[in-house]
Amino acid sequence: MKIIRFEQKHSNKTILAAVTEDSKVFTLPYSTLLEVIEEAKSKSITTVELITELIKDSLPIDEKLEELDLLVPIEAPEVWASGVTYQKSKEARNFEATNGKLDATTFYDKVYDAERPEIFLKSTKERTVGPNQDLFLRSDSDWQIPEPELGLVLNGEGEIIGYTVGNDMSCRDIEGENPLYLPQAKVWARSCSIGPAILLSEKVKDPYNFEIICRIYRNEELQFEGTANTGQLKRGFEELAGFLKRDNILFPGTVLLTGTCIVPPNEFTLADNDRIEIEISGIGVLKNVVKTQVAKLAN
Ligand code: DO4
Ligand code: MG
């Protein structure tokens, strides 16, 4: 059972909906997933049981899932991210920090083995885009890549309520110049996307067996394809959520990205109009086009 949000074509209204295993879409009489979870809790039943009850006598909508104008499946107040949780990321960070001339132990080697993981604030609601919305490239970086990551959707207690797909866009040259530049290498307007759906954790038997695929197209030609599996993760998902929660305020609906395990070749950088597709088994494909245009921020 997955949860989506979409904009209804004739009314421009935002609709919350459930997607069943056979890809049928049923609208839900709530505004957010968090409301559905609260309601299920108050009835002492699971979220899936509540949704099954809600849709059992209704018809699916006429449009197919792929015809809908999807929105972020949850308006995450904050998106946090974990780093260097996969061997592949450690190697890539070491390459960019040493121009490929690694000859000593780095901070990245240390954090990969340390008890405390790297966790950083990646994005806020205003900086995060949904499926099919444009991402922005930074104007002061010449080495930019997508980071395809599994996202944990958390409640206020730091429990995992669902899984989504995330893109932690990154500037390898800025971080490689100095790791203290991390916030600038990671955070700018439209530097993060999440979606297209949230797979309810109640329905996930083994979260360490998600297949992740990333494809980058330029003028409709495939430039890069990489695959990985969450079984390659060095840490546990509860462990990452536990460190995020420690002595912190967690807003319900926070998303925690769990690190990248797919890195395009070192000579690759994104260009205007590239299309990024990130697919995670059981969740869906998150598609975004990147633009060089300068962000026009509200106010
Ligand atoms: O150390 C920088 C961040 C690494 C990261 O975002 C990742 O491993 O996914
Ligand atoms: Mg990342």
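Biologist: Why is threonine 260 called buried in this model?

Modeller: In this predicted model, the relative accessible area of threonine 260 is 2%, and the word buried is kept for values under 20%, so threonine 260 counts as buried. As for its place in the chain, threonine 260 belongs to the loop between strand S16 (254–257) and strand S17 (275–280).

Biologist: What makes the pair formed by the side chain of threonine 260 and the backbone oxygen of isoleucine 262 a polar contact?

Modeller: A polar atom of the threonine 260 side chain lies 3.1 Å from the backbone oxygen of isoleucine 262, and the limit for such a pair is 3.5 Å, so the distance falls within the cut-off. Threonine 260 is also listed among the closest residues around ligand 1.

Biologist: Which residues are the closest to ligand 1, and how many surround it?

Modeller: Ligand 1 is surrounded by 16 residues, of which Val84, Ser89, Glu118, Lys186 and Thr260 are the closest. A backbone N or O atom of valine 84 is found 2.8 Å from an oxygen atom of the ligand, while glutamate 118 brings an N or O atom of its side chain to 2.9 Å from a ligand oxygen. Glutamate 147 likewise has a polar side-chain atom 2.9 Å from an oxygen atom of ligand 1.

Biologist: How much of ligand 1 does the protein bury?

Modeller: Taken alone, ligand 1 exposes 280 Å², and 99% of that area is buried by the protein. Ligand 1 sits in the largest cavity, and the elements that each give two or more residues to its shell are strand S5 (78–83), helix H3 (87–98), strand S6 (118–124) and helix H6 (182–186).

Biologist: Are glutamate 149 and aspartate 168 buried or exposed?

Modeller: The relative accessible area of glutamate 149 is 0%, and for aspartate 168 it is also 0%; because buried means under 20%, both of these residues are called buried.

Biologist: Why is asparagine 219 called exposed?

Modeller: Its relative accessibility is 71%, and a residue is called exposed when the value is over 50%, so asparagine 219 counts as exposed. Asparagine 219 is found in the loop between strand S14 (211–218) and strand S15 (221–229), where it has a positive phi of about 50° although it is not a glycine. Glutamate 220 lies in the loop between S14 and S15, with a positive phi near 65° in a residue other than glycine, and its relative accessible area of 59% makes glutamate 220 exposed.

Biologist: What kind of peptide bond joins glycine 195 and proline 196?

Modeller: The bond that joins glycine 195 and proline 196 is a cis peptide bond, with omega at about 0°. Proline 196 is part of strand S13 (residues 192–200).

Biologist: How do you know that threonine 230 is buried, and what does its side chain reach?

Modeller: Threonine 230 has 0% relative accessibility, and since buried means under 20%, the residue is given that name. Its side chain reaches the backbone oxygen of proline 207 at 2.8 Å, and threonine 230 itself is found in the loop between S15 and helix H7 (237–245).

Biologist: Where is threonine 47, and why is it called buried?

Modeller: Threonine 47 is in helix H2 (residues 47–55), and its relative accessible area is 7%, which is a value under 20%, so threonine 47 is called buried. Threonine 47 and isoleucine 37 are 10 residues apart in sequence, with a distance of 5.6 Å from C-alpha to C-alpha.

Biologist: What makes glutamate 267 an exposed residue?

Modeller: Glutamate 267 has 71% relative accessibility, and exposed means over 50%, so glutamate 267 counts as exposed. Glutamate 267 is found in the loop between S16 and S17, and its C-alpha is 8.4 Å from that of tryptophan 143, although the two residues are 124 residues apart in sequence.

Terms used. Residues numbered from 1 in each chain as written. Chains lettered and ligands numbered in written order. Predicted model: local features only at pLDDT ≥ 70, side-chain atom pairs only at ≥ 80, totals over all residues. Heavy atoms only, no water. Buried < 20%, exposed > 50% of the residue type's maximum accessible area, 1.4 Å probe, protein only. Helix = DSSP H or I, 4+ residues; strand = E, 2+ residues; numbered from the N terminus. Near = heavy atom within 4 Å. Polar contact = N/O pair within 3.5 Å; in protein donor to acceptor, adjacent residues only side chain to side chain. Areas by Shrake-Rupley, 256 points an atom, 1.4 Å probe, with all protein chains shown as cover. 1 Å grid on protein atoms, 1.4 Å probe; cavity = no way out; pocket = protein on both sides within 12 Å on 5 of 7 lines; lining within 4 Å. Sits in = over half its atoms within 2 Å of the grid points.
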